[in-house]
Amino acid sequence: MNYKDAFYKTVHDTPGGCEALAVRMGYTAGLLRNKANPNSTTNVLTMDDASRVMELTEDYAVLHALAYRAEHAAIDV
C-alpha cells in the first residue's frame with residue numbers, strides 16, 4: 001500500500017470517520033476528505049497532515065508505507 005492510500009484508509013477508518021477526525025484537526029470534513037483523496041490536485045496531503053493524523057489516531061500505516069517504499073522498517077521503541 002502506498003502512503004496516499006494508507007492516509008485515505010486511516011482517515012476513513014478512524015472511529016467517527018472523516019467528519020470526527022476533521023473536527024479534531026480543525027479542518028472541515030470536505031477539506032480533510034480532499035486531502036485524503038489520492039486523486040485530488042486541489043488540497044494536497046502534507047507531511048504535517050500525515051503526522052497529525054498519526055498522532056491523533058495512533059495508526060501508523062502511513063509511516064510504514066513510507067518506510068516500505070524506502071526499503072526500511074519502522075518499529076516501536
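Mentor: Let us begin with a term: a residue counts as buried when its relative accessible area is under 20%, and as exposed when that area is over 50%. Please keep in mind that this is a predicted model.

Trainee: With that cut-off, which residues in helix 5 are buried, and what covers them?

Mentor: Among the elements that cover the buried residues of helix 5 are helix 1 and helix 4. The buried residues of helix 5 itself are V62, A65 and A67.

Trainee: Which element gives the largest share of the largest nonpolar core?

Mentor: This core has 14 residues, and those that touch the most other members are F7, V11, L21, M25, L32, V53 and V62. Two or more residues each come from helix 1 (3-13), helix 2 (17-25), helix 3 (29-36), helix 4 (47-57) and helix 5 (61-69). The largest share, 4 residues, is given by helix 2.

Trainee: Which residues does V53 touch, if those up to four places away in sequence are not counted?

Mentor: V53 is one of the core residues that touch the most other members. Once residues up to four places away in sequence are set aside, the residues that V53 touches are F7, T10, V11, L21, M25 and E58.

Trainee: Which residues line the largest cavity?

Mentor: The structure holds 1 cavity of 30 Å³ or more, and about 30 Å³ of space lies in the largest cavity. Helix 4 and helix 5 are the elements that give two or more residues to its lining. The lining residues are Y3, L45, T46, M47, A50, V62 and L66.

Trainee: Turning to the aromatic rings, how many aromatic pairs are there, and at what distance from the ring centre of Y27 does R52 lie?

Mentor: For ring pairs, whose centres would have to lie within 6.5 Å, the count comes to 0 aromatic pairs. R52 lies over the face of Y27, and its distance from the ring centre is 5.5 Å.

How values were computed: Residues are numbered from 1 along each chain as its sequence is written. This is a predicted model: local features need pLDDT of at least 70, side-chain atom pairs count only at pLDDT 80 or more; totals for chains, interfaces and linings use all residues. Side-chain values use heavy atoms; hydrogens and water are left out. A nonpolar core is a set of buried Ala, Val, Leu, Ile, Met, Phe, Trp, Tyr and Cys residues joined through side-chain atoms within 4.5 Å. Buried means under 20% relative accessible area, exposed over 50%, partly exposed in between (1.4 Å probe, protein chains only). Contact means heavy atoms within 4.5 Å. Rings of Phe, Tyr and Trp (its six-membered ring) pair if their centres lie within 6.5 Å; planes under 30 degrees apart count as stacked, over 60 as edge-to-face and the rest as tilted. A charge sits over a ring if NZ of Lys or CZ of Arg is within 6 Å of the ring centre and within 35 degrees of the ring normal. On a 1 Å grid over the protein atoms alone, a cavity is a set of points where a 1.4 Å probe fits but cannot get out, and a pocket is an open set with protein on both sides within 12 Å along at least five of seven lines; lining residues have an atom within 4 Å of a point. Grid points are joined across faces, edges and corners, and a volume is the space filled by probe spheres set on the points.
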